[in-house]
Amino acid sequence: MIERTARELIRSRYAVALTGAGFSTESGIPDFRGPSGIWSKNPEAERMAYISYEHFLENPKSWWEERLTGPSLLGDLERAMPNPGHYALADLEKIGILKSVITQNIDGLHEKGGTENIVEYHGSILKLRCAVCSARFHRDEFDLAKLMRDNLLPPHCPECGSIMKTDVVLFGEPIPSDVVRKSLEKVQKCDLMLICGTSAVVYPFANLPRMARQRKLESFAMPETGPYSGKGSPDVIIIEINADPTPLTKEGLSDYLIQGKTGEILPKILEEVKKLKK
Ligand code: NAD
Ligand code: ZN
C-alpha cells in the first residue's frame, strides 16, 4: 500500500493532505478521541470546551483571564517539536508533489516542520485574531501578562480597535471565511487527498473529503490552460493514514486505509516516492 500510495502521489497533479490531532500525538500532544485522548479521559473538559465560545462572547475579559491563569488542555504547545510525519509532508511539498496541507491542528507544527502552504482550519494557538475584522497577529505581539496585570484585558485589534480572541476556532464559532474559501478551492482542485490522523467526526472539516468525493468535476468551469484545462480531469483518490478505521473508512468514502502511525508511514511513503522518481 505504501508503494501504491507513492505511485499515486507521483501521478497526481494536485495532491493535498488533510491532518488532524492524531498527527501530533507522536510530538507528545494528546488527541481528543484516541485511546489516551483528552475527551476519552476527561469528559468534563469536553463539556467546558463546548461552552467556551459563549463565555468569550458574554465576557471576553473573564474568558481571557481564565485562559491566562488556568492550565492548558493540550500541555505546553510552544515547546512541542515536529515529528517525522511533519517533516515527510514538508519534503513532499519541497519536491513538488504535495501542494498544500489543510490541518485541524492548532499547534503550528506543520509550519515548524517546514511546510509552506498551510491552511489552519481551526486556527493557531500561536496567533490572535480580531473578532470583527479577522486581522491576525502573532501572540508575541501582545504582552498578555502585562495587560492582565494592568487590568486591560481583553486585548484590542491594532487595525480596527475591536476585541481580539485567540485565532483558535472555538466550538460553536464559525470557521473564518478566508479559511473556508481557501480550503474549498483546494478541495475542488485536488486529485489526491491524503487524510492523516483524524477521526473525521468534527464538522465542517469532515465535509471536505465528502465534498471531494461528491464533486462533479465536469461541471466546474475548466481553465483554458494549465493542468486542469479541458474536460475529463481525473476523479479524486482518497487515502487515509490512521491508527484506527474512521467513518470515512467504514462508509467506503476513502479508497483505502493504511493503518498505523503517520510518523512511521509517511517517511516510508516519502522514501518510496524518491526511489520511484530516480
Ligand atoms: P481526534 O482526536 O478526534 O482523532 C484523532 C485520530 O487520530 C483518531 O482516529 C486516532 O486513532 C488517530 N491517531 C492517534 N495517533 C495517531 C498516529 N500517531 N498516527 C495516526 N493516527 C493516529 O482528532 P481530530 O479528528 O483532529 O479532531 C479533534 C479536534 O481537536 C481537531 O479539530 C483539532 O482542532 C483539535 N485538537 C488539536 C490538537 C493539536 O493541535 N495537536 C490536539 C487535540 C485536539
Ligand atoms: Zn480588527
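User: What does Leu77 touch, leaving out residues up to four places away in sequence?

Analyst: Keep in mind that this is a predicted model. With those sequence neighbours set aside, Leu77 touches Ile29, Asp107, Lys112 and Ile125. These count as contacts because heavy atoms come within 4.5 Å.

User: How do you know how far E8 is enclosed by the rest of the structure?

Analyst: Count its buried residues: five of the six in E8 are buried, so E8 is largely enclosed by the rest of the structure.

User: What makes E7 and E8 a pair?

Analyst: Pairing takes at least two bridges. E7 and E8 have five, in the parallel sense, so they qualify. One position to look at is Ile195, which stands opposite Glu240 in E8. E8 and E9 also pass, with four bridges in the parallel sense, and Ile239 has Tyr256 in E9 as its bridge partner.

User: What makes up the largest nonpolar core?

Analyst: That core has 23 residues, and those with the most contacts inside it are Leu9, Leu89, Leu194, Ile241, Leu266 and Ile269. Elements that each supply at least two residues include helix H1 (2-11), helix H5 (84-94), strand E8 (237-242) and helix H11 (262-277). H11 gives the largest share, five residues. In soluble globular proteins, nonpolar side chains tend to be buried together.

User: Which residues is Leu89 in contact with, leaving aside neighbours within four places in sequence?

Analyst: The list is Ala17, Thr19, Phe23, Leu98, Val101, His110, Thr115 and Leu266.

User: Why is the largest cavity called a cavity?

Analyst: The term applies because a 1.4 Å probe fits there but cannot get out. The largest cavity holds about 40 Å³ of space, and the search of the whole structure finds one cavity of 30 Å³ or more. Its lining includes Thr103, Asn105, His110 and Glu120. H6 provides the largest share of that lining, three residues. By class, the lining has two nonpolar, four polar and three charged residues.

User: What is the volume of the second largest pocket, and how does its lining divide by class?

Analyst: The volume is about 170 Å³. The lining has three nonpolar, one polar and eight charged residues. Among the lining residues are Glu111, Glu116, Lys127, Arg136, Asp167 and Lys182. Asp, Glu, Lys and Arg count as charged, so these six belong to that class. Strand E3 (118-120) and helix H8 (177-189) are the elements that give two or more residues to this lining.

Note on methods:
Residues numbered from 1 in each chain as written. Chains lettered and ligands numbered in written order. Predicted model: local features only at pLDDT ≥ 70, side-chain atom pairs only at ≥ 80, totals over all residues. Heavy atoms only, no water. 1 Å grid on protein atoms, 1.4 Å probe; cavity = no way out; pocket = protein on both sides within 12 Å on 5 of 7 lines; lining within 4 Å. Points joined across faces, edges and corners; volume = space filled by probe spheres on them. Core = buried A, V, L, I, M, F, W, Y, C linked by side-chain atoms within 4.5 Å. Buried < 20%, exposed > 50% of the residue type's maximum accessible area, 1.4 Å probe, protein only.
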